[in-house]
Amino acid sequence: MGSTFGRGRAAGGRYNRRPMKVALAQINPTVGDIAGNAALIRRDVRAAAAGGAELVVFPELAIIGYPPKDLLLKPAVVAECVAAVEALAAECVGVAAVIGTPWPSDSAAEGRSLYNAAAVCADGRIVHRHVKSLLPTYDVFDERRYFEPGPAVDLVELGGKRLGISVCEDLWNERDMFSRRLYHDNPIDRLAERGAELFVNCSASPFVVRKHAFRLKLMAHTAKKHGLPLLYCNQVGGNDELVFDGRSCVLSGSGELLGQAAAFEEDLLVVDLDGPRSVARPEPMPRLEEVYGALVLGLRDYCRKCGFGSIVLGLSGGIDSAVTAAVAVAALGAERVRGVGMPSRYSSGGSVDDAAALAENLGVRFDVVPIEPAHTAVEGMLAGVFDGREPDVTEENIQARLRGVVLMAMSNKFGSLLLTTGNKSEVAVGYCTLYGDMNGGFSVLSDVPKTTVFELAAWMNTDACPLKNTLGVDEVIPVNTITKPPSAELRPDQKDSDSLPPYDVLDDIIERYVEREDSAKSIIDATGYDAELVLRIVRLIDLNEYKRKQAAPGLKVTGRAFGFGRRMPIAQRYDNRRAFGDAEAAAGA
């Protein structure tokens, strides 16, 4: 479908600038469930019309869900999307809808074969098709793999207003908001130059902690710069590693927030663009509440969309498994979560008691399966092979792997999703065991630094945590779990601090090296940390890429997660010590 409708009406003539009521349909699509997603769209088209809206906006690629990845390489999938949108358009009578969809490109001879499009449906047909101009190819985005950029910027007239439609990234190239722009073009400026009277942005913007505050600044700046209202409709829900937080917005031409949809849940926001300005504005969501909301939604949707009805996880009495279990209960309910204690000869009585106390607080079933008989048996099996060699990390890993066997057996037997409980700090430096504590189908905390895990645990024991209020308990996480020194308990009196620096230092180094891409030398210069410590930590991060490649998928909450958005080689020899000269010089730095 071409854009003749939009160009013809926008090119000239007079316009009736009467009041307009709009709706933002913040839906939670399932990737690839085209029929199910169409049903969500149909539901909200009807609800918006019943609420008096003349225009209802849906998220980017709403008909297939974001990110669809290589489903887009299947012609049959794209054809089904097009047919679904055309069928929805036939129902758009008396109300217009903007629906995100993949669409075949205009050229069959060159370029990518698809557009990332927004179809404007009105009067029972598709009257306009906007094509995304800026295609992000960084972090978790890989749109140039699939899409051709839009060949032109067109307007469409609806309800007496000229609409300038954009798709997600098209909004994110404002010169005054970025120290370095990624693109030479700014589609929003071009829409304004063409005579747009209302900006409409269909988005699928993944959650990152504190990102929404910047979104609001960007949108307010854009609206105020051009003196035009802005509609921003974001996807909500979890799809694999990504969580979409929603919080769709309507802003006035002065940059004033006229309405904001709910965070981390579906919503239909209806706003009269020319109505009263006394709108209740949501308070900024605190950081820990944001992280908690993202983790709960991400886990709930992963289970729902993958067909898992229950969860099993190991409960060690430590803080990581405690926080993971609490998130699991918030996501699925206590009756669908099962904890397993697997004490060894090195497990303290206090750890077993803490795990049992946690299970009681959460109301989950708690089974105890000691691994000592299996541990003794395996040691006996390997005694001859290991004769003459001192015990080392090998024997420690045997214990972790025996626990993995127990948990995988329970996952198989009961059809439950096994959660692995490692945090970002441990995953970064390889302080985890392949086929042991890394066993699992999904990881809740893999992008949550250890310092944030401690903060989350403490926050969960406050009245600000919805789970605490739901459970009606004095504490969610046993206080002793929060205050005792972290330990893997794989050898006598073991502490994390035996192998790692204090977690606040470790997490700072990880953030600088992984998220900011700082070099070891710049980290040392900026922080004053011991040079050998920094060099050791960054080397551990580099060396343990092979472990992370085999890890369970996990939820992304920071700017750079150890997931599909970070593509580091396993076999590589980059050495941060080169910045200091040779290795001997580095050792004395």
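Modeller: Two strands count as paired if DSSP finds at least two bridges between them. With that in hand, note that the model is predicted.

Start with strand β9, residues 230-234, and strand β12, residues 249-251. They pair in the antiparallel sense, and three bridges join them. Within this pair, Y232 stands opposite C249 in β12.

Both strands belong to an open sheet of six strands. Its order is β6-β7-β8-β9-β12-β13, and the pairing is mixed. At the edges are β6 (155-158) and β13 (257-260), each of which pairs on one side only. From one strand to the next, the twist averages 20°.

Next, take strand β10, residues 236-239, and its partner β11. This pair is also antiparallel, with four bridges. N239 is the residue opposite L242 in β11. The two strands form a hairpin with two residues between them, and D240 takes a positive phi near 60° there. Strand β11 covers residues 242-245, and both of its faces are covered. On one side L242 and F244 are buried, and on the other V243 and D245 are buried.

A residue in another strand gives a contrast. V270 lies in strand β14, which spans residues 267-272. Its relative accessibility is 35%, so V270 counts as partly exposed. Leaving aside residues up to four places away in sequence, V270 touches K21, V22, A23 and G51. C81 is 189 residues from V270 along the chain, and their C-alpha atoms are separated by 26 Å.

Helix α6 (residues 287-306) and helix α12 (residues 450-460) meet at an angle of about 95°, and their axes are 10 Å apart. Angles of 65 to 115 degrees count as roughly perpendicular, and therefore α6 is roughly perpendicular to α12. From α6 the contact uses R287, L288, E289, V291, Y292 and L295, which meet T452, E455, L456, W459 and M460 in α12. By class, this contact has seven nonpolar, one polar and three charged residues.

Last comes confidence. The average pLDDT of the chain is 90, and 93% of the residues score at least 70. Residues 1-16 have a pLDDT below 50, yet the stretch has 32 contacts in the model beyond near neighbours in sequence. Where pLDDT is low, predicted coordinates should not be read in detail.

Key. Residues numbered from 1 in each chain as written. Predicted model: local features only at pLDDT ≥ 70, side-chain atom pairs only at ≥ 80, totals over all residues. Heavy atoms only, no water. Buried < 20%, exposed > 50% of the residue type's maximum accessible area, 1.4 Å probe, protein only. Contact = heavy atoms within 4.5 Å. pLDDT = per-residue confidence, 0-100. Axes fitted to C-alpha atoms, helices over the stretch in contact; angles between N-to-C directions. Parallel < 35°, antiparallel > 145°, perpendicular 65-115°, else oblique. Nonpolar A, V, L, I, M, F, W, Y, C, P; charged D, E, K, R; others polar.
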